[in-house]
Amino acid sequence: MQVRRLSLTNFRNYARLELDLPGGVVLLHGDNAQGKTNLLEAIYFLATTRSPHASQDQQLINWDAMQTDDPVVVGRLVADVLRPDGPRHLEMRLIVEERGAWALNGQGSFRREALVNRGKVRLMDLLGHLRVVLFLPEDVDLATGPPANRRRYLNITLCQVDADYCRNLSTYNKVLEQRNALLRRMAEGQTRGAADVLQILTEKLIEPGSRVLQRRAVFVTEMARLAQDIYFQDLIGGKESLRLGYLPGWAANGRQGDAGRANSDQLLRDGDWLQANATPAAIAERFAAELAAARPADLARGASTVGPHRDDWAIVVNGKNLGQFGSRGQVRTAILALKLAEIGWMKATTNDTPILLLDEVSAELDQHRRAALLAHVVEQVRGKGTAQAILTSTDPGLFTADFLAEATVLAVREGRVSRD
Ligand SMILES: Nc1ncnc2c1ncn2[C@@H]1O[C@H](COP(=O)(O)OP(=O)(O)OP(=O)(O)O)[C@@H](O)[C@H]1O
Ligand SMILES: [Mg+2]
């Protein structure tokens, strides 16, 4: 698929943008703080309904628009998407009402609206119409940052291709919230009738939770194979072992605490079990047993201590957790390999190519790795792995002649985009 037209109103530093985009390779270049990343963010937001930064959506609205006297301010993102099964017109509206209240105390009403082919849909139903793979410089945090980052990555990636996953996750989170509220009350001593309700809520977690676990375990297995090939054959040109391990939090329970920090062999073994026994029945049975075993810990802490909301995953190169032992360039290369592997994975899973968005990709890569990466991108576009790849850079001088011959080069300056 391809985004052929992008219209932005009051989005970040774009007061108004009407941009026609070609297919193939597009290079956006410009100085710092001109709007390159914001443009990728807009496309990503339409695809995932999320900002890549875990910040509040109100911050996406253009600051100047928030300074006007209008009581209502609307940020709009619109994309015309070309797909093999027909075009899609996608729109997202970010609506601030009672702007005065926002100005006064940061409180007012904020809501989002999604439209597909000009008809309103639930936010969740915007997913799947436009699919992207995004790489940002800060994505190295995926390996080195907290487990919440890695869970967010799994959730956003899987939600783009699998509506069932997204539904199961949402059901799971709702029950989890109720269960945690109950556990909190119980920890405070409100125990009348609570045990029965806890039992019911625990049972309600099993079905959606084990489906989430299963989907993630399969994803991690599939991605590991694809990422291994790209990392070693295409990016660094050597042979080592790269594996992705799913780390269920239940293995860490009562031992080292959080799955992300622990990363012991036990965690990897439990992850291997999940990845190898990924039948819904076997996982549901195990998850039920782990929930039962965690009951005393849950009651003591007043929160649910096992389940997909506590899990983690890791990139392991030559037996070492990259997040703990990798050099910065190594981590960056491995995360890049992972993102590039997502292209092949999405194509195989959905029968259509996602759009590749690479932000400041050459930063911190040595000359050799940079050239290998650019060659890989060009090859992807030529081989129809992706029909559109949009890259940004402050310095077009970093790009190979081969790459530039393939690319449409656009300049970004103060929230305006023009052809070179
Ligand atoms: N809500 C907003 N309203 C107006 N401007 C914003 C808003 N949010 C961010 N900006 C500004 O948009 C500008 C462009 O940001 P962006 O991250 O797209 O720059 P960039 O071209 O990618 O720069 P760099 O090369 O430094 O990465 C920044 O100056 C930023 O402060
Ligand atoms: Mg940027």
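This is a predicted model: local features need pLDDT of at least 70, side-chain atom pairs count only at pLDDT 80 or more; totals for chains, interfaces and linings use all residues.

## Ground rules

Residues are numbered from 1 along each chain as its sequence is written, chains are lettered from A and ligands numbered from 1 in the order in which they are written, and side-chain values use heavy atoms, with hydrogens and water left out.

## Around ligand 1

Ligand 1 is surrounded by 16 residues, the closest being Ala33, Lys36, Thr37, Asn38 and Ile61 (a residue is near if one of its heavy atoms lies within 4 Å). By type, the shell splits into four nonpolar, nine polar and three charged residues. Helix 1 (residues 36-48) supplies the largest share of that shell, with three residues. Helices here are DSSP runs of H or I with at least four residues, strands are E runs of at least two, and both are numbered from the N terminus.

A polar backbone atom of Arg12 is 3.1 Å from a nitrogen atom of ligand 1. A polar contact here is a pair of N or O atoms within 3.5 Å. The protein covers 76% of the 660 Å² of accessible area that ligand 1 has on its own (Shrake-Rupley method, 1.4 Å probe).

One open sheet has six strands in the order 2-1-4-5-6-7, with antiparallel pairing; two strands pair if DSSP finds at least two bridges between them. Its edges are strand 2 (14-20) and strand 7 (119-121), each pairing on one side only. From one strand to the next, the twist averages 20°.

Strand 4 (residues 73-82) and strand 5 (residues 88-97) run antiparallel and are joined by nine bridges, with Val74 partnered by Ile95 in strand 5. Eight bridges then join strand 5 to strand 6, also antiparallel, and Met92 stands opposite Ala114 in strand 6. Ala114 also has Val121 as its bridge partner in strand 7. Strands 6 and 7 pair over three bridges, and in their hairpin, which has two residues between the strands, Asn117 takes a positive phi near 45°.

Helix 1 turns up again here: it lies across strand 1 (2-11), strand 2, strand 4, strand 5 and strand 6 (109-116), at about 110° to strand 1. Such angles run from 0 to 180 degrees between N-to-C directions, with axes fitted to C-alpha atoms (for helices, over the stretch in contact).

Another open sheet has three strands in the order 9-10-11, with antiparallel pairing. Strand 9 (242-247) and strand 11 (320-321) are the edges. Six bridges link strand 9 to strand 10 (residues 312-317), and Leu244 has Ile315 as its bridge partner in strand 10. Helix 7 (residues 194-236) packs on this sheet, touching strand 9 and strand 10, and its direction makes about 165° with that of strand 9; contact means heavy atoms within 4.5 Å.

Methods:
A polar contact is a pair of N or O atoms within 3.5 Å; within protein, one must be able to donate a hydrogen and the other to accept it, and residues adjacent in sequence count only if both atoms are side-chain atoms. Ala, Val, Leu, Ile, Met, Phe, Trp, Tyr, Cys and Pro count as nonpolar, Asp, Glu, Lys and Arg as charged, and the others, Gly among them, as polar.
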